[in-house]
Amino acid sequence: MSTHLPTADLRDPDSAARTARLRDALRAAAFTADGLLELLGAPAYAALARSETVPALRATRGDGPLATLVRLFLLQRPVPYGRAAAALPVDDCLADGWLVRDGDEVRASVDVRPYGGPDGQDWWIVSDLGCAVGGAGGVRAAEEAAGVDRAQLVLGVGGASTTLAGLTVRTPVAKALDLGTGSGIQALHASPYATEVTATDLNPRALRIAGLTLALSGAPAADLREGSLFDPVGEETYDLIVSNPPFVISPGARLTYRDGGMGGDDLCRTIVQQAADHLNDGGYCQLLANWQHVEGEDWRDRLRSWVPRGCDAWIVQREVQDVTQYAELWLRDAGDHRTGPEEYAARYDAWLEEFEARRTKAVGFGWITLRKSGAADPSITVEEWPHPVEQPLGSAVVEHFERQDYLRATDDAALLAGHFRLADEVVQEQVGLPGAEDPEHVVLRQNRGMRRATKVDTVGAGFAGVCDGSLPAGRILDAIAQLVGEDPVLLRDRTPDAIRTLVEQGFLEPVETGKD
C-alpha cells in the first residue's frame, strides 16, 4: 500500500537544494499566510477554515502562480502540468515526490499550508491530504487519498496547536523536546530559540512529515526519534518540553493522532509525572491536556496530585463538557456520525459505558505548565479561566512564576516595605446602580495577557491607583488610613493578603527601591 509521502532525502545535498528551490517558489508566488488572505478575501479564507472549499475554488479560477498553488496544496485539485510549471519547479517536485503526475496533470501528495511564524517568518506546515484545518474532503477522504489507515494519519495545524505555540515560553535554551510532534509545528516554533531540538512520535509517518515541515520552512533539522512518550530519550534532560499529546479520553485507541491509548486521563498524568525527570533546573514543561471530573473528587485536587516533587505548576482549565457533549464531539471528529444509526449508537454507548465505569461526570480541557524549581514549598496554582485571553502568553507564563518566586520569598513585613507599580493597561470600573452616591464594588481589569478582573474595596482601589514605585506599600497604607479615618496599624495588619492577591494575579508589579 502506497503511503504517498514525498520521497525527498532530507540528508542529501541535491534534495536539500531542490527543497530550497521549492521554498523560494512558494515565497515568490506569495503562497504565505498574508498572500492567502489577500487572494481569497476574508469570507473565503474563513470558509476554508470550516472545510468549505467552494468560495476558495471560485477565488482561484485564474491561472496565476498563487491560485495554482492554492488549488494544488490546499484544495488538492489536479492542475495541468504547464500551469504547475509556471508556478514552481515542477520537475524538482516530481523528483522528490511533492507532486505526482497523472497524464497531462499533476497533483499534490501532501497538504502544504502557509503558516506565519511569531517573528514574521513565512513557514509551511505539511500534513496528510485533507488533514489540515480546512482540509479538502475531511479525514475519511484523507484516509483514501493517503492510502493508509486513518489511525496513522498526520494532522496539520489546528486550534490546539496554535494555542500551545502561543503559550510556550520563548527564551533561548540549549535543548528542547517536542513530545508527540505530529506535523512538527511545535518543533518548528522551538527552532529559533533552541540550539538543539528533539522531536518524538509513536507514529513513524508523523516523524517523516515533521522532517518535511522543518525542511520546507528552512528550519534546522530536528533529532527525530520514534517511540512512546519519554521512551525515545532515555535519561536525557531538556530546558523546554512541549507536548500536544493525543489527550482524548476514549474507549480504546482507535486514532493514534488523538486517542491516548491509556485508561481515562492516564496519558496526560503520566507525561506530567515523568516530566520532572527530564527537565533541567529552571526548565519548563508545557502541554495541553484533558482530565476527568470524577464523582466525589475535586478536579483541582486531582490535578494537584499529578504535579511531581520539585516542580511549581500553573494549571488552567479553559473548558468543561459533560460526558455526552464530549462523546458527541469526538464521534463527529472521527466521522462516526456518518455511519449507520446502529453503528453510531453502539460507539456512542461504548463511550458512555467507559465514563460510567470510571465514575466520570465531565471532562476538562486546559493548559498545564511545570517549572522545575526544586523548591521545598512548591507553588501549585490550579484555576478555572474560561474567558478570552491575549495570545501569545509565553511572557505571561514566565511572569507568573517570577511573581510566585517573589511572594514565596517575601513575608508580610518585607511586603509592606516593598515598592510596587500598577501593571500596564489596567483599568478601574465602578459598578453600581445609576445615581447611587457610592459604587457597589470596584473592579480592576487587565487588558493584556490573561485579561483578569478582580473586585477590590476602596482601600484596594486607592492603593493600586497610587502605586508608581516611588513609595513603599506601608507608607501608602498609612496615608490611606489617615484619609479614611482608620487605624493605620489595623490597616497594615489586614491588607497584606489583598496586596498578595494583586501581585499574584499580575495587577501590581514589584519594583526595586526608588525605581519607577
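This is a predicted model: local features need pLDDT of at least 70, side-chain atom pairs count only at pLDDT 80 or more; totals for chains, interfaces and linings use all residues.
Strands of a sheet pair through backbone hydrogen bonds, in either a parallel or an antiparallel way. Here, three strands form an open sheet in the order 15-16-17, and the pairing is antiparallel. Strand 15 (426–431) and strand 17 (453–456) stand at the edges with a single partner strand each, so one side of each has no neighbour in the sheet. From one strand to the next, the twist averages 25 degrees.

The two pairings can be followed residue by residue. Strand 15 and strand 16 (residues 441–446) are joined in the antiparallel sense over six bridges, and His441 in strand 16 is the bridge partner of Val431. Strand 16 also pairs with strand 17 in the antiparallel sense, over four bridges; in this pairing, Val442 has Val456 of strand 17 as its bridge partner. Six residues lie between the strands in the hairpin of strand 16 and strand 17, where Gly449 takes a positive phi near 60 degrees.

Helix 17 (residues 458–466) packs with helix 18 (residues 473–484) at an angle of about 130 degrees, the axes being 10 Å apart. This angle makes helix 17 oblique to helix 18. The crossing of the two helices is right-handed. On the helix 17 side, the contact is made by Val459, Gly462, Phe463 and Val466, which meet Ala473, Ile476, Leu477 and Ile480 in helix 18. Of these contact residues, seven are nonpolar, one is polar and none is charged.

The axes of helix 15 (residues 394–409) and helix 20 (residues 496–504) come within 9 Å and cross at roughly 155 degrees, which makes helix 15 roughly antiparallel to helix 20. Arg403, Gln404, Tyr406 and Leu407 in helix 15 meet Arg500, Val503 and Glu504 in helix 20. The residues of this contact divide into three nonpolar, one polar and three charged.

Definitions and conventions:
Residues are numbered from 1 along each chain as its sequence is written. Side-chain values use heavy atoms; hydrogens and water are left out. Axes are lines fitted to C-alpha atoms, for helices over the stretch in contact, and angles run from 0 to 180 degrees between N-to-C directions. Angles under 35 degrees count as roughly parallel, over 145 as roughly antiparallel, 65 to 115 as roughly perpendicular and the rest as oblique. A crossing is left-handed if the near helix is turned anticlockwise from the far one by less than a right angle, and right-handed if clockwise. Contact means heavy atoms within 4.5 Å. Ala, Val, Leu, Ile, Met, Phe, Trp, Tyr, Cys and Pro count as nonpolar, Asp, Glu, Lys and Arg as charged, and the others, Gly among them, as polar. Two strands pair if DSSP finds at least two bridges between them.
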